[in-house]
Amino acid sequence: MAKGWRDGGSVLRVVGVGDAIPLEVAASYRARTRGLLGRDGITGALLLTPAGSVHTFGMRFAIDVAYLDRRLEVIALTTMVPGRLGLPRLRSRHVLEAEAGSMAAWGLRTGSRVDIGEPGRPERLSRG
């Protein structure tokens, strides 16, 4: 498991844009491998860490994918339909997944920065 990251619930905020978004963190190998497979949707987003690429084989719905660098800045955004293999992003340290259309609604775009925090606590969590 990556230092400082644990599987579980959290919140996501797009810096300078809006409200807290429910977030699931998948930091263990098992949680990252499972990801969104077998689900019919997700409320909020899923953070895979560490991760540099994703696939949608076995997925039931299209997803938005944001590749984040170590500073939690979005370096690339794409929408993927089921049955695709995403291109690896060399500077990506984390991947954020959500239902297709969600990220645009949140105001997330390339160059945006996100904060990850605990539910009910607005401050950013430090990640080693």
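The dialogue below treats the sheet and then the salt bridges.

Me: What should I know about the model before reading it?

Reply: This is a predicted model, in which local features need pLDDT of at least 70 and side-chain atom pairs count only at pLDDT 80 or more, while totals for chains, interfaces and linings use all residues. Residues are numbered from 1 along each chain as its sequence is written, and side-chain values use heavy atoms, with hydrogens and water left out.

Me: In what order do the strands of the open sheet lie?

Reply: Strands are DSSP runs of E with at least two residues, numbered from the N terminus, and two of them pair if DSSP finds at least two bridges between them. Here seven strands make up an open sheet with mixed pairing, in the order β5-β4-β6-β3-β2-β1-β7. At the edges stand β5 (74-80) and β7 (114-117), each of which pairs on one side only. On average, neighbouring strands of this sheet are turned by 30 degrees against each other, direction ignored; the axes are lines fitted to C-alpha atoms, and angles run from 0 to 180 degrees between N-to-C directions.

Me: How many bridges join β1 to β7?

Reply: Four bridges connect β1 (residues 8-14) with β7, and the two strands run antiparallel. Within this pairing, L12 is placed opposite I116 in β7.

Me: Why can charged side chains pair?

Reply: Side chains of opposite charge can pair when their charged atoms come close. The criterion for a salt bridge is a side-chain nitrogen of Lys or Arg within 4 Å of a carboxyl oxygen of Asp or Glu. By this rule the count is five salt bridges. One of them joins D69 to R71 at 3.7 Å, N to O. Another joins R91 to D69, also with an N to O distance of 3.7 Å. That pair links distant parts of the chain, 22 residues apart: R91 lies in the loop between β5 and β6 (94-99), and D69 in the loop between β4 (63-68) and β5.

Me: Which residues do the shared partners join into one network?

Reply: E73 also forms a salt bridge with R71, their closest N and O atoms being 3.3 Å apart. Through shared partners, salt bridges unite D69, R71, E73 and R91 in one network.

Me: Is D69 buried or exposed?

Reply: Buried means under 20% relative accessible area, exposed over 50%, and partly exposed in between (1.4 Å probe, protein chains only). D69 counts as buried because its relative accessibility is 6%. R71, at 44%, is partly exposed, as is E73 at 22%, whereas R91 counts as exposed at 51%.
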